[in-house]
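This briefing gathers computed features of the structure shown below, grouped by topic. Please read it beside the sequence and the coordinates.

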Amino acid sequence: MSTTQKFVFFALAATIRLLLIYSEYQKIIADRVEVSTALNSWKKVTEGVYLREAGIDPYTGDLFHESPIGLVVFSYMQKYLSLCMLCGIFVFTDLATAWILGATAYRYTSELIATEQKDIQKRKKESNDEELSTLPSSMSIPASSVTSSALLVPSAYLFNPYVVFNCVGLTTTVFTNFLLSAALYSMINKSRLCSCFTIAVLTLQGLYPITLMVPATIYLARNEEGKNQNFPYRNINKTIAMFIGILIALYYLCYKVSGSWSFLHSTIGFILTVPDLRPNIGLYWYFFTEMFEHFRWLFVASFQINVGLLYVAPLALRFRHDPMLLAFSYLAIAAIFKSYPCLGEVGFYMALLPMWKHLFPHMQQGFIVSCFLLSCTVFAPTVWHLWIYSRSANANFYFGVTLAFAIAQIFLVTDVLFASVKREFSLRHGLSREIHGNTGKLLLE
């Protein structure tokens, strides 16, 4: 793809965003509960900036939930930039995110092909003549996948309706997605400082991205495997120490900016305790609305352990050989089970799927998941209108849609991960599934 074609490609995506931003639909999109939440709404940012300029601590109430560093940045943006320039920054950030994701996909696919070719050649040398014919060399990833993934990933991001709505709604998730793409690019390039810094900033704001330190540490440890006799402990300790040091420095900077530690309750505390139960595409709001207050903290702890701790170690042990796929699974789990999810986060991890298009032949739930996602995307605003405006439905209807949306995403993630397991099994043992003369089945248990 030539430079001119790429320019036209990105220009078209920018035009779509700008046309929607300056249309009458922008306010409708920005007010949608699927797009804007208590954590990423630009209205919340505007109110927080106004309170700060009026000399009122924006963290005293339940209004503003950005970090103090973000508050300073947004204050300067609103003070010195016009509305047109502000909208331009949102669009430009989205385009930059797509470009970084394309570069990440190019580098990742190149490394994946090289690593797989080495493994296949190694197994061929170690196998005898009878086993050599069963090696599935035809399953190797073609070299054309490098350029195609570098094109498909930015395309999936730029023209994903979820991401477009996220940008048009002027949510701060646009900047979160940019930092996430920078973190992934830093990981694949084995940059310890950039990886630790971007993940620390993301943790400061959203808490859940701290799980990305697991694939980042694996990448950095593998990079120095042959350089350090104390591998992996010294390299792992160095990475963790740098991350903790940067995170502590950021928290101290936030303390100096705000003048107190009250921001902790309105940022990390707000995410963990889930006090705002306005509807969104997540699962928390309905459960905690219907639940007896006596059991609230038990289920808060259960939900937070589910999204933050439960899957970290098992997935890391199983997919340690593919840290990028591991990072994808962590991002998807957070987007599904976090306390205040939005469509922009869902669109981000879905845009990464073309990096594993070699797994698509091994996936089985693609059609079902696509139908579920399409149906939920259409039914969500419909049921919301019936519930809030027509009053011919109730909260159960809307929660049913959000529950189906979460189930579809769970099917998608498990399908991708199991497809990776099936392909790995085929590469190691051949395409034949015969065991003692009988046809075997590969089951996910």
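Alanine 156 has its place in helix α7 (residues 144-158), where helices (H or I, at least four residues) and strands (E, at least two) are DSSP runs numbered from the N terminus. The model is a predicted one, in which local features need pLDDT of at least 70 and side-chain atom pairs count only at pLDDT 80 or more, while totals for chains, interfaces and linings use all residues. Residues are numbered from 1 along each chain as its sequence is written, and side-chain values use heavy atoms, with hydrogens and water left out.

**Overall content**

- The protein has 21 helices and 2 strands.
- Of its 445 residues, 52% count as buried, where buried means under 20% relative accessible area, exposed means over 50% and partly exposed lies in between, with a 1.4 Å probe and protein chains only.
- Among the contacts in the protein with a separation of 6 or more, 75% are accounted for by residues 24 or more positions apart, a contact being heavy atoms within 4.5 Å.

**Surroundings of alanine 156**

- Alanine 156 counts as partly exposed because its relative accessibility is 24%.
- When residues up to four places away in sequence are not counted, alanine 156 touches Ala351 and Pro354.
- Alanine 156 and tyrosine 349 are 193 residues apart in sequence, and their C-alpha atoms are 10.0 Å apart in space.

**Packing around helix α19**

- Two packed helices are described by the angle between their axes and by the distance between the axes; the axes are lines fitted to C-alpha atoms, for helices over the stretch in contact, and the angles run from 0 to 180 degrees between N-to-C directions.
- Helix α9 (residues 173-188) packs with helix α19 (residues 343-351) at an angle of about 25°, and their axes are 10 Å apart.
- Helices α9 and α19 are therefore roughly parallel to each other, given that angles under 35 degrees count as roughly parallel, over 145 as roughly antiparallel, 65 to 115 as roughly perpendicular and the rest as oblique.
- The crossing in which α9 passes α19 is right-handed; a crossing is left-handed if the near helix is turned anticlockwise from the far one by less than a right angle, and right-handed if clockwise.
- On the α9 side this contact is made by Thr173, Asn177, Leu180, Ser181 and Leu184, and on the α19 side by Gly344, Glu345 and Phe348.
- By class, the contact of α9 with α19 has 3 nonpolar, 4 polar and 1 charged residues, where Ala, Val, Leu, Ile, Met, Phe, Trp, Tyr, Cys and Pro count as nonpolar, Asp, Glu, Lys and Arg as charged, and the others, Gly among them, as polar.
- Helix α18 (residues 323-337) and α19 have axes that come within 9 Å and cross at roughly 160°, so α18 and α19 are roughly antiparallel to each other.
- The crossing of α18 and α19 is left-handed, and the contact is made by Phe328, Leu331, Ala332, Ala335 and Ile336 of α18 with Glu345, Val346, Phe348 and Tyr349 of α19.
- By class, the contact of α18 with α19 has 8 nonpolar, no polar and 1 charged residues.

**Packing of α1 with α8**

- Helix α1 (residues 3-21) and helix α8 (residues 161-168) pack at an angle of about 50° with their axes 9 Å apart, and the two are therefore oblique to each other.
- In a right-handed crossing of α1 past α8, Ile16, Arg17, Leu20 and Ile21 in α1 meet Val163, Val164, Cys167 and Val168 in α8.
- By class, the contact of α1 with α8 has 7 nonpolar, no polar and 1 charged residues.

**Helix α4**

- Helix α4 (residues 68-80) has 13 residues and reaches 18 Å from its first C-alpha to its last, close to the 18 Å expected at 1.5 Å a residue; the expected span is 1.5 Å times one less than the number of residues.
- The buried residues of α4 are Pro68, Gly70, Leu71, Val72, Phe74, Ser75 and Met77.

**Loop residues**

- Leucine 207, in the loop between α10 (192-206) and α11 (213-223), has a positive phi of about 70° although it is not a glycine, and it counts as buried because its relative accessibility is 18%.
- Arginine 391, in the loop between α20 (366-390) and α21 (395-429), has a positive phi of about 60° although it is not a glycine, and it is exposed, with a relative accessible area of 71%.
- Methionine 291, in the loop between α15 (284-290) and α16 (296-308), is buried with a relative accessible area of 17%; leaving aside neighbours within four places in sequence, methionine 291 is in contact with Arg296 and Phe299.
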